[in-house]
Amino acid sequence: MIRNLLFDLGGVVLDIKRQRCVDAFKRLGMERPEKFLGEYVQKGPFMMLESGLVSPAEFRDMLRPYISRPVSDQEIDDAFNAFLIGIPRERLRHLEALRKDLGIYLLSNTNPIMWESKIADCFRVDGREREDYFDGMVTSFEARVMKPDARIFEYAEQKLGIRPEETIFFDDSEANCRAAEALGFKTIHVPAGADFYTLLPPPQSHQPLESRRDSSN
C-alpha cells in the first residue's frame, strides 16, 4: 500500500523555465551561462551552492569573475530567481486534499537563495506558507548531496521516516526516477506541461493508495 507521496519541486509542483535564467544572466554581462545552468543538474558555482558546499555569499563571489561588470548581490539573486515562474493554485489545492489522507513530502535539488526568497513567495499565492503543504521537506543544500545520487534518497528516508516501498516519488527527471526505483521507491515521471495530480493511480487500481493517517489511528 502507498502511504506517502514524495514530490520534486521544480517542474512538478513549481513551474520553471531555464531559458529565463540564462537570459537574465546574459543581461548581467555573463558569457554563456548555459554552460552552468541545466534543466535538472547545475554545474560550477551553481552546483556547489545547490550541494551545500558554499554559502550564498561565497557563491556570489565565485560568480562575479564570470560577469563583465560590477553587480550587486540582489542583481545576482534576481537573475537566478528568474528560473522560477510560479505555482498554479490548483496544484496547491491538490496537495492540501492529498495531505488529508497521505504523508506529503518534498525532495528538491535547490539552493538557499531561491528557497528563502522566491520559492517561499510562490507558495504564498494561496495565502499559506510552504510548510503548510508538506509533512516534511528535504533540500539538496541541506543534505549536501543532489539527486540522482542515492545518498539524498537515503537521507530523505531517515529524516522523513518514510519507507520506499510505501512511497510514490514524482519527478520530471527520468534519471532521478530511475535512481529512486533502484532504492525501492515507486515512481511517476512528470513530463513537461503535465500536472502531477492527473498521473496518480486510481484507488481501485492494482497500486492502491492507503490512508496513512487512518491506518495510524
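**View 1. Salt bridges across the predicted model.** Counting as a salt bridge any side-chain nitrogen of Lys or Arg within 4 Å of a carboxyl oxygen of Asp or Glu, the count comes to 21. This is a predicted model, in which local features need pLDDT of at least 70 and side-chain atom pairs count only at pLDDT 80 or more, while totals for chains, interfaces and linings use all residues. Residues are numbered from 1 along each chain as its sequence is written, and side-chain values use heavy atoms, with hydrogens and water left out.

**View 2. The salt bridge of aspartate 8 and lysine 147.** The closest N and O atoms of aspartate 8 and lysine 147 are 2.9 Å apart. Aspartate 8 is buried at a relative accessible area of 5%, and lysine 147 is buried at 2% (buried means under 20% relative accessible area, exposed over 50% and partly exposed in between, with a 1.4 Å probe and protein chains only).

**View 3. The salt bridge of glutamate 96 and arginine 128.** The side chains of glutamate 96 and arginine 128 meet at 2.3 Å, N to O. Glutamate 96 is partly exposed, with a relative accessible area of 23%, and arginine 128 is likewise partly exposed, at 30%.

**View 4. Leucine 5 in the largest nonpolar core.** This core has 52 residues, of which Leu5, Phe7, Phe25 and Phe170 touch the most other members; a nonpolar core is a set of buried Ala, Val, Leu, Ile, Met, Phe, Trp, Tyr and Cys residues joined through side-chain atoms within 4.5 Å. Apart from this core lies another, of 15 residues, among them Leu107 and Phe153.
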